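Subject: Handing over the two-chain model

Hi there,

Here is the structure I promised to pass on to you. Have a look at it first, and then read on for what turned up in it.

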Amino acid sequence: MESSELERFEAVVLPHLDAAYTLARYLTRNDHDAQDVVQDASLRALRYFAGFRGGESGEGRAWLLAIVRNTAYTWRQRHRTDTLTTEFDEERHSETMAGEHPEAAVEAESERAALLKAIDELPLDFREVIVLRELEGLSYKEISDVAGVPVGTVMSRLSRARRRLEAALCAEPEDC
Amino acid sequence: MTHPAFEALLDAYLDGELAASDAAELEQHLRACPACSRLERRRRAVTSAVREHLPRFPAPEMLRTRVRAGARAEASRAERRRVPLWTAFAVAASLAVVALGSRQLALRGAAGEAITNQVLASHVRSLMPGHLTDVLSSDQHTVKPWFNGKLDFSPPVYDFAGGGFPLLGGRLDYVDGRPVAALAYSRRQHVINVFLWPAERGRTAGPRAATRQGYHLLHWATPAYTYWVASDLGLSELSDFAALLQRGDSAAAAAVR
């Protein structure tokens, strides 16, 4: 790789490091793993960089987020124990359970903490579409590229994710 | 209870992802159906709460430094893989000529060369994910005691944050057939590794410089310690850093006397 290529890489990738770290943090739910995922992803990005022909800043961001997302998934597979714990959590916080005891969970915490908890308890598929849409403002098409699923799947996951958040956050119907 | 397919359409509408004709039809329905328009209000409230309150996590400065350093290490590795064999021979031949005529390539001898390569390899390895520090702290009073019981010497650890070279942490490494102390410092986005171990029979050596694969290495020996410093930082700034270390050691030695 020539040094001008390295500079181009740094210009495309480094401005989106906060977005990359935020996504990794939500996918791993852990600062330390998120750092390792982002560093790993940035090295992968460097290797694939010759194949990246986009010029606009938004394209670079979606491209990097796709690599971060795939790295985080590989990371989960490699760390089996975490995957098992997470699957257990997902089962425990399934839709019916969340619907049964929303008040106690929400009233105990501030809105921000309750929200973070609600997001962390979403299944991974749902968590990633929420972060990509609400925090990164990606279009359905961009999310479909990042997550590697059809636009229709993005649409239904996002909707189901929001319905779960609504159930978790709106303890009292008149709150919402 | 609404149909999930309708909810998904409503969400797509709120996200501005619905075609104009579908959006018009949906709006018409919302005006006519109180239950659906209640659902719409709830969705808007939840979505705006998420956008407003869901925290973003800024990348830690340390991560930024590591990503940059890692990219540079990877780029120089890729560059080396790409060099054709005949070019490598030509470069080696021209370097040999330069070495014969120059005093600058001061690191000579098979033993010195082997240590140079080990230090370089350790430096590059430390830039790979999760390898830079075993003890992560910018506090010299945390890093120094961490080595207790792990090495047969207690390495001097300085904090040069005031001089623009903050301490990142320390780790154990293995160079020249023995465990050594490795201390990581940073300068802007650059990582500096300091390797040190007790000097042999009090033999001192003056600062010498070498450049390998785009990294600069400095070596010197005080009566107490053998030092190696490696970084992709420019040679003049790296020399400033070495001078800080040497001043730190002289001050410590003077205090003992």
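In what order do the seven strands of the open sheet in chain B stand? The order is β1-β2-β3-β4-β7-β6-β5, with antiparallel pairing. Two strands pair here if DSSP finds at least two bridges between them. Helices (H or I, at least four residues) and strands (E, at least two) are DSSP runs, numbered from the N terminus.

Before going further, a word on what you are looking at. This is a predicted model, in which local features need pLDDT of at least 70 and side-chain atom pairs count only at pLDDT 80 or more, while totals for chains, interfaces and linings use all residues. Residues are numbered from 1 along each chain as its sequence is written, and chains are lettered from A and ligands numbered from 1 in the order in which they are written.

**The two chains**

Chain A has eleven helices and zero strands, whereas chain B has eight helices and seven strands. Of the 176 residues in chain A, 43% are buried; for the 257 residues in chain B the share is 29%. A residue is buried if 20 or more other C-beta atoms lie within 10 Å of its own, exposed if 12 or fewer, and partly exposed in between, with C-beta atoms placed from the backbone.

Contacts come next: two residues are in contact if their C-beta atoms, placed from the backbone, lie within 7 Å. Among contacts in chain A with a separation of 6 or more, 68% are between residues 24 or more positions apart. In chain B, 53% of the contacts between residues at least 6 apart in sequence join residues at least 24 apart.

**The sheet of chain B**

On one side, β2(B) pairs with β3(B) in the antiparallel sense over eight bridges; B:L172 stands opposite B:A181, and B:L167 stands opposite B:Y185. β3(B) is also joined by seven bridges to β4 (residues 190–198) of chain B, again antiparallel, and there B:A184 has B:N193 as its bridge partner.

Both of these pairs are hairpins. β2(B) and β3(B) have two residues between them, and B:D176 in that turn has a positive phi of about 55°. B:D176 is partly exposed, with 15 other C-beta atoms within 10 Å. The hairpin of β3(B) and β4(B) also has two residues between its strands, and B:R188 in the turn has a positive phi of about 50°.

A further loop, between β5 (205–212) and β6 (215–221) of chain B, holds B:Q213. This residue has a positive phi of about 50° although it is not a glycine, and B:Q213 counts as exposed, with 12 C-beta neighbours inside 10 Å.

Helix α8 (residues 235–256) of chain B lies across β3, β4, β5, β6 and β7 (225–231) of that chain, at about 150° to β7(B). Axes are lines fitted to C-alpha atoms, for helices over the stretch in contact, and angles run from 0 to 180 degrees between N-to-C directions.

**Cores and the contact between chains**

A nonpolar core is a set of buried Ala, Val, Leu, Ile, Met, Phe, Trp, Tyr and Cys residues joined through C-beta atoms within 7 Å. The largest one has 61 residues, and A:A20, A:V38 and A:V68 are among those with the most contacts inside it. Helix α4 (residues 57–78) of chain A gives the largest share of this core, nine residues. A second, separate core has 37 residues, including B:V124 and B:L183.

Which residues does A:V38 touch, leaving out those up to four places away in sequence? They are A:A20, A:Y21, A:A24 and A:V68, together with B:A59, B:L63 and B:V67.

The contact between the chains takes 37 residues from chain A and 36 from chain B. On the chain B side, α4(B) gives the most, with twelve residues.

Enjoy exploring it!

Best wishes
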